[in-house]
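I opened my notebook to look up a few things in this structure.

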Amino acid sequence: MEYNIRALINGDDSIVWKMLMYASHESLLETVQKQPQLSRYAIDWGRMGDMGFVAWFDEQFIGAAWLRFWSGDDKGFGYVNDSIPELAMAVLPEYRGQGIGTKLLMQVLQSVQNTYPAVSLNVRANNRVINLYQRTGFVKVEGSEVVNRTGGISFNMIRRFSSTSDRSR
């Protein structure tokens, strides 16, 4: 299958919202939009520090991976610190297992490896995507396990880059 990848841009709010619905394992966009802890991953897409990539095939967006910074009291599920962006990603169910998520994730990591000290994420303990994260260098943040909004267990993972010196945004 031939698909394309491009950078997410400021006008891509609808793509980020749709992919957030899949990333959060929800079946309705309205459900995501009504939950502040989820909607903050898409609200005001394009703010300073937001970046990511989207894959499309046959004029349909089929996956995306994006980064967002958190600070102060506004922290995402996978927050580690103010200098490390958090990753969110999703691939439409019918396109999973074809390497699209891997390619999107690698594109994000390669794009920021010389800019940020690391990338973090939050994942459900029973999600198969953990294998992808481990293959690409993510490790579990010890002690980060929490009961998630659905009653299951989630934890944070972090992918550090070779130089861990402080880098500016």
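**Salt bridges, then a helix**

Entry 1. I started with Asp12, which makes a salt bridge to Arg6, with 2.7 Å between the closest N and O atoms. I'm working from a predicted model, by the way. I checked how covered the two partners are: Asp12 is buried at 6% relative accessible area, while Arg6 is partly exposed at 27%.

Entry 2. How many salt bridges does a search of the whole structure find? I got seven.

Entry 3. Next I looked at Arg149, which pairs with Glu26, the closest N and O atoms again listed at 2.7 Å. Arg149 sits in the loop between strands S7 and S8, and Glu26 in the loop between helices H1 and H2, so this pair ties together parts 123 residues apart in sequence. Arg149 is partly exposed, at 31%.

Entry 4. Then I found Asp74 bridged to Arg47, with the closest N and O atoms 4.0 Å apart. Asp74 is in the loop between S3 and S4 and Arg47 in the loop between H3 and S2, so the pair links parts 27 residues apart in sequence. Both are partly exposed: Asp74 at 31% and Arg47 at 30%. Shared partners join Arg40, Arg47, Asp50, Arg68 and Asp74 into one network.

Entry 5. On to helix H4, residues 100–112. Its 13 residues should span 18 Å at 1.5 Å a residue, and the end C-alpha atoms are 19 Å apart, which agrees. I noted the buried residues in H4: Ile100, Gly101, Leu104, Leu105, Val108, Leu109 and Val112. They cover an arc of only 160 degrees around the axis, so they lie on the same side of H4. Why does that spacing work? An α-helix has 3.6 residues a turn, so residues three or four places apart point the same way.

Technical notes: Residues numbered from 1 in each chain as written. Predicted model: local features only at pLDDT ≥ 70, side-chain atom pairs only at ≥ 80, totals over all residues. Heavy atoms only, no water. Helix = DSSP H or I, 4+ residues; strand = E, 2+ residues; numbered from the N terminus. Expected span 1.5 Å × (residues − 1). Buried < 20%, exposed > 50% of the residue type's maximum accessible area, 1.4 Å probe, protein only. Arc of directions from axis to C-beta. Salt bridge = Lys/Arg side-chain N within 4 Å of Asp/Glu carboxyl O.
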